[in-house]
Amino acid sequence: VDDAEDDWTYSQKFDYIHGRLLFSCFNDMAGVVRKAYDELEPGGYLEMQEINCRLHGVDDTTKGTAIQRWTDLIIEGAARFGKDWECGARLKEFFFAAGFEEVVELHYAFPTNMWPKSRHKKLVGLYQMTNMLDGMQGISTRVLTKGLGMSIEEMELFLVDVREALQNRHIHGYWPV
Ligand SMILES: C[S@@+](CC[C@H](N)C(=O)[O-])C[C@H]1O[C@@H](n2cnc3c(N)ncnc32)[C@H](O)[C@@H]1O
């Protein structure tokens, strides 16, 4: 309903503010963290859950793959609109800069697919792969066409390779969360 980058005009302060998967939304994530700080009661909490859009790998298998190139390109495309799609990785810095104390950062990973050995990570990977297969076109269209100047046809052809790489269990990639 409201743009979190506008002035916050709530009539009361909050004990707890939560945000999740907002890395793509703001021109200035640090500014939103500052606004949240200002709207909290003393002793209140801000919790943010974010993904770093850049693909990471546990080994070299991600290097030179279409899925690696895709995340590099969407981050570059988003930057053309003034958006930092890696801002999730800087939240701790933003929290401290805003004035928060006792900042706790917990690290998780979303595997690209079911490549990990453990049952739990396989399940998380399955969810993430399904999510990304579903969302890939929507995530890509504006940043790759308007941002980087690809034609729709060029993008769709590229995404064929990206989807194939996403499902390839020999590629050991993950997104830091
Ligand atoms: C990826 S969704 C995440 C939704 C939800 N937090 C979750 O984790 O399921 C991003 C949400 O942020 C909202 N959004 C985008 N830009 C925003 C802005 N400037 N201020 C507030 N919300 C925004 C979108 O409408 C969308 O609902």
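Reader: Is the crossing of H4 and H5 left-handed or right-handed?

Author: The crossing of H4 and H5 is right-handed. This is a predicted model, and what follows should be read with that in mind.

Reader: At what angle do the axes of H4 and H5 cross?

Author: H4 covers residues 119–147, and H5 covers residues 152–166. Their axes come within 10 Å and cross at roughly 150°. Angles over 145 degrees count as roughly antiparallel, so H4 and H5 are roughly antiparallel to each other.

Reader: How do H1 and H3 cross?

Author: H1 is made of residues 29–39 and H3 of residues 91–98. The two axes come within 9 Å, with a crossing angle of roughly 45°. H1 is therefore oblique to H3. As for the hand, H1 passes H3 in a right-handed crossing.

Reader: How many helices and strands does the protein have?

Author: The count is five helices and five strands. To place them, follow the chain along its sequence, where the pattern reads β-α-β-β-α-α-β-α-α-β. For overall dimensions, the C-alpha atoms fill a box of roughly 50 × 40 × 25 Å, taken along the principal axes.

Reader: Which residues surround the ligand?

Author: List the neighbours, then sort them by kind. Around the ligand are Asp2, Asp3, Ala4, Arg20, Leu21, Leu22, Cys25 and Phe26. This shell divides into five nonpolar residues, three charged and no polar ones.

Reader: Which atoms of the ligand lie 2.9 Å from an N or O atom of Asp3 or Ala4?

Author: Look at which part of each residue is involved. In Asp3, an N or O atom of the side chain is 2.9 Å from a nitrogen atom of the ligand. In Ala4, a backbone N or O atom lies 2.9 Å from a ligand nitrogen atom.

Conventions. Residues numbered from 1 in each chain as written. Predicted model: local features only at pLDDT ≥ 70, side-chain atom pairs only at ≥ 80, totals over all residues. Heavy atoms only, no water. Near = heavy atom within 4 Å. Polar contact = N/O pair within 3.5 Å; in protein donor to acceptor, adjacent residues only side chain to side chain. Nonpolar A, V, L, I, M, F, W, Y, C, P; charged D, E, K, R; others polar. Axes fitted to C-alpha atoms, helices over the stretch in contact; angles between N-to-C directions. Helix = DSSP H or I, 4+ residues; strand = E, 2+ residues; numbered from the N terminus. Parallel < 35°, antiparallel > 145°, perpendicular 65-115°, else oblique. Left-handed = near helix turned anticlockwise from the far one by under 90°.
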